[in-house]
Amino acid sequence: MKHFLRMLIQVCLYFYCKFLWRCLKFVMRKLTGRCELQRICYNTKPGASRTMKIETSLRDSKSKLLQTSVSVHPDAIEKTIEDIMELKKINADINPQLGISLQACLLQIVGYRNLIADVEKLRREPYDSDNPQHEEMLLKLWKFLKPNTPLESRISKQWCEIGFQGDDPKTDFRGMGLLGLYNLQYFAERDAAAAQQVLSDSLHPKCSKFSKAEWEKKRMDKAIGYSFAIVGINITDLAYNLLVSGALKTHFYNIAPEAPTLSHFQQTFCYLMHEFHKFWIEEDPMDIMEFNRVREKFRKRIMKQLQNPDMALCPHFAASEGLINI
């Protein structure tokens, strides 16, 4: 009975607040002469703050046109904005900046949804050792990470040197499918020096080519190593969940002036790999069994950062300076 009453109160509060919000919007329009979309675009700086407010306004609207505008095809955005302006009785000649601002926001909103679809497609595609393209990507990963060490054979214990669990890496890609391989190859190819350094540092001191003095200089003499490739797949899972949950909207809406792409996602993965490696060393775990604890603590730190509407996780990749304050 108590549970039923609690649910009833929550439902009543929901509808009450929704009714009050619609009344407030009506009053604000009468007082300012502007609809909610205009007020957001004119009073909020471009980036995540503006785009997320526009997204919420469109999604919560009672108009079917506004509700569906967040999921239209990118080619239909311009026509959708014209329809919104007509519905809201906004003169485009008098308010030219509104259309431009809405277009920028919709490109980000629709692009984020499409990015989720692209990432999900890669995640669902299993690694196939009979697929020449898959095999080529895997062999390139070795070449980028170990440029001076030839791979003796496709099935080899050498794969453990870059952090796979056995002599055939295909079994390690089950959880994240091709997405894990795509991210690892991107990191190893686009940021080769950093990837090779992280790989070296991730090795246990006994297996590393660093001398004892070098390890002490790096303040890693007591560090516990980890499996580079396996952690990369795990960090791919973290990036994937941040994306699907919507947590990465803050980051992508701040760095991508238009639609966020797969490259933006992979750049974010590179950043997370860098940061997790530093975090792992700082945490100084007793053994590898503490991995889940460290990973969860790292996830919470990233989530806290993403709660800041001005956050860009990796500003050196940012195109946010291309955002026009209109």
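In helix 5, residues I77, I81 and M85 meet L98, G99, L102, Q103, L106, L107 and V110 of helix 6. Contact here means heavy atoms within 4.5 Å. Helices (H or I, at least four residues) and strands (E, at least two) are DSSP runs, numbered from the N terminus. The residues of this contact divide into eight nonpolar, two polar and no charged. In that count, Ala, Val, Leu, Ile, Met, Phe, Trp, Tyr, Cys and Pro are nonpolar, Asp, Glu, Lys and Arg are charged, and the others, Gly among them, are polar.

The model is predicted: local features need pLDDT of at least 70, side-chain atom pairs count only at pLDDT 80 or more, and totals for chains, interfaces and linings use all residues. Residues are numbered from 1 along each chain as its sequence is written, and side-chain values use heavy atoms, with hydrogens and water left out.

Two packed helices are described by the angle between their axes and the distance between the axes. Helix 5 spans residues 77–87 and helix 6 spans residues 96–124. Their axes come within 10 Å and cross at roughly 130°. Axes are lines fitted to C-alpha atoms, for helices over the stretch in contact, and angles run from 0 to 180 degrees between N-to-C directions. Helix 5 and helix 6 are therefore oblique to each other. Angles under 35 degrees count as roughly parallel, over 145 as roughly antiparallel, 65 to 115 as roughly perpendicular and the rest as oblique. The crossing of helix 5 with helix 6 is right-handed. A crossing is right-handed if the near helix is turned clockwise from the far one by less than a right angle, and left-handed if anticlockwise.

Q103 lies in helix 6. It touches I77 and I81, leaving aside residues up to four places away in sequence. Its relative accessibility is 31%, so Q103 counts as partly exposed. Buried means under 20% relative accessible area, exposed over 50%, and partly exposed in between (1.4 Å probe, protein chains only). Q103 and P74 are 29 residues apart in sequence, and their C-alpha atoms are 9.9 Å apart in space.

Helix 11 (residues 228–245) packs with helix 13 (residues 262–283) at an angle of about 125°, and the axes are 10 Å apart. That makes helix 11 oblique to helix 13. This crossing, too, is right-handed. Helix 11 contributes F228, V231, G232, I235, T236, A239, Y240, L242 and L243 to the contact. From helix 13 come F265, F269, L272, M273 and F276. These residues divide into 12 nonpolar, two polar and no charged.

Helix 2 covers residues 36–43. Six of its eight residues are buried, so helix 2 is largely enclosed by the rest of the structure. The buried residues are E36, L37, Q38, R39, I40 and C41.

R174 sits in the loop between helix 7 (132–145) and helix 8 (177–190). R174 is exposed, with a relative accessible area of 68%. In sequence, R174 and E125 are 49 residues apart; in space, they are 9.3 Å apart, C-alpha to C-alpha.

The protein chain as a whole has 14 helices and zero strands. Of its 326 residues, 44% are buried. Among contacts with a separation of 6 or more, 65% join residues 24 or more positions apart. The chain exposes about 18100 Å², and carbon and sulfur atoms supply 55% of that area. Accessible areas come from the Shrake-Rupley method with a 1.4 Å probe; for residues, only the protein chains shown count as cover.
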